[in-house]
Amino acid sequence: MQRLLMVFYFLLVVSFGYGCKENEKTKITQVEQKVKKEITTSDIKSDPSILVRKPKDIETPEGMVWIPGGTIRQGARSHDKGAMQHEKPNHEVRVDGFFMDITEVTNAQFQKFVDETNYTTVAERAIDWEEMKKQLPVGTSKPHDSIMQPGSLTFKKTKEPVANLFDFSQWWRWTIGANWKHPNGPESNILGKDNDPVVHVAYEDALAYCEWAGTRLPTEAEWERAAEGNHKNAIYSWGDDETLLSKKVNSWEGQFPTKNTKEDGYEGRAPVKSYPANDFGLYDMAGNVWEWTSDWYNTKYYQEIAQMNGVVKNPQGAEQPFNERDPYAREKVMKGGSFLCNASYCASYRISARMATSLDSSLEHLGFRTVTTVNMINSKL
């Protein structure tokens, strides 16, 4: 039993972050500093003015749509019975207008990036034992080479209903050979799935794509502004009517994680644009796959920002990561939920829902979309 537990512990460490190499950490830090310099507005502002309308002399980038600036209540809605503690307290923020990808980045788009850059994702790289063991208990033996192979996390349905929905090991498994080209394991592929959202993308991979595309990841506040559309303070991107879920979202219908009734039309990932767009013309801002944001996950941040005097304009999130359940974790916020989200499990297709994911995690239900701003476009002219 002890040996089995050690193997399981090892697999969790591998799948949820076996440590970026120092040069990779430096690269991530440099990109985030560029984003911070570009936004430049994490402070309390006495001037409430925000950029609402798209400037007439700026063309909308291909595949994107303008998200008008606005003031939103970020975090849990007061009437949301499914809200979790780390979504509270609700606080007011102002967000300048920006451009956002209409859809999640697709396999075809990511393939073009890889073809032009010869990029190799984290899930495809050989595992560095010297780096990994730094995050393991001193004296941990190196696992057999048959286990020390690149891979990622894939989902498996359980045969019987589960009593403990906090034990995610019951439906997640470390799969050698799983990556963006083989999303369900080495025997799977993405042939004919050009329009499916790309998955098994670690944070570093998303940043590399952004650098190539000349874009960046959205902040959590920008993401919520985009998801909300014209439904002010709504629980969902279409309003508050939960009965519309199967018509609006690719989520888990039925008993999680045992049976999916496919009432919404899909059991796994769906091609982008399979469900109606929100008010701003954005698809899959709820469900399908989770989406990376640039914000550090910090369980203290919402309390801290709510105590500030005034309204924060264009917040960038916490300065440092902190998870009260794991003080050593370095995690980013992901938003939107996925095809695995169910009312009984996480209901993360809600606008305010958020999850923490380590920088080098990659999973079969995690992807991303990107944004750009007027300042970024002007800087290229």
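Let's start with Cys 210, which is buried, at a relative accessible area of 3%. Buried here means under 20% relative accessible area, with exposed over 50% and partly exposed in between (1.4 Å probe, protein chains only). Cys 346 is buried too, with a relative accessible area of 13%. The structure holds zero disulfides, a disulfide being counted as a pair of cysteine sulfur atoms within 2.5 Å.

Before going further, please note that this is a predicted model, in which local features need pLDDT of at least 70 and side-chain atom pairs count only at pLDDT 80 or more, while totals for chains, interfaces and linings use all residues. Residues are numbered from 1 along each chain as its sequence is written, and side-chain values use heavy atoms, leaving out hydrogens and water.

Cys 210 belongs to a run of buried residues in α5, among them Tyr 203, Leu 207 and Tyr 209. Eight of the eleven residues of α5 are buried, so this helix is mostly covered. Helices (H or I, at least four residues) and strands (E, at least two) are DSSP runs, numbered from the N terminus. Just after α5, Gly 214 takes a positive phi of about 75 degrees.

What does α5 meet? In α3, Gln 109, Phe 110, Lys 112, Phe 113, Glu 116 and Thr 117 are in contact (heavy atoms within 4.5 Å) with Ala 208, Tyr 209 and Trp 212 of α5. The axes of α3 (residues 107-117) and α5 (residues 203-213) come within 11 Å and cross at roughly 75 degrees. That makes α3 roughly perpendicular to α5, a label for angles of 65 to 115 degrees. Axes are lines fitted to C-alpha atoms, for helices over the stretch in contact, and angles run from 0 to 180 degrees between N-to-C directions.

Now for the strands. An open sheet has three strands in the order β1-β4-β14, with antiparallel pairing; two strands pair if DSSP finds at least two bridges between them. β1 (64-67) and β14 (371-372) are the edge strands, each with a single partner, so one side of each has no neighbour in the sheet. Two bridges join β4 (residues 98-101) to β14, and Met 100 has Val 371 as its bridge partner in β14. Helix α6 (residues 220-228) lies across β1, β4 and β14, running at about 75 degrees to β4.

Elsewhere, five bridges join β5 to the antiparallel strand β6 (residues 172-176), with Leu 153 partnered by Trp 174 in β6. Five of the five residues of β5 (residues 151-155) are buried, so this strand is largely enclosed by the rest of the structure.

Notes: Angles under 35 degrees count as roughly parallel, over 145 as roughly antiparallel, 65 to 115 as roughly perpendicular and the rest as oblique.
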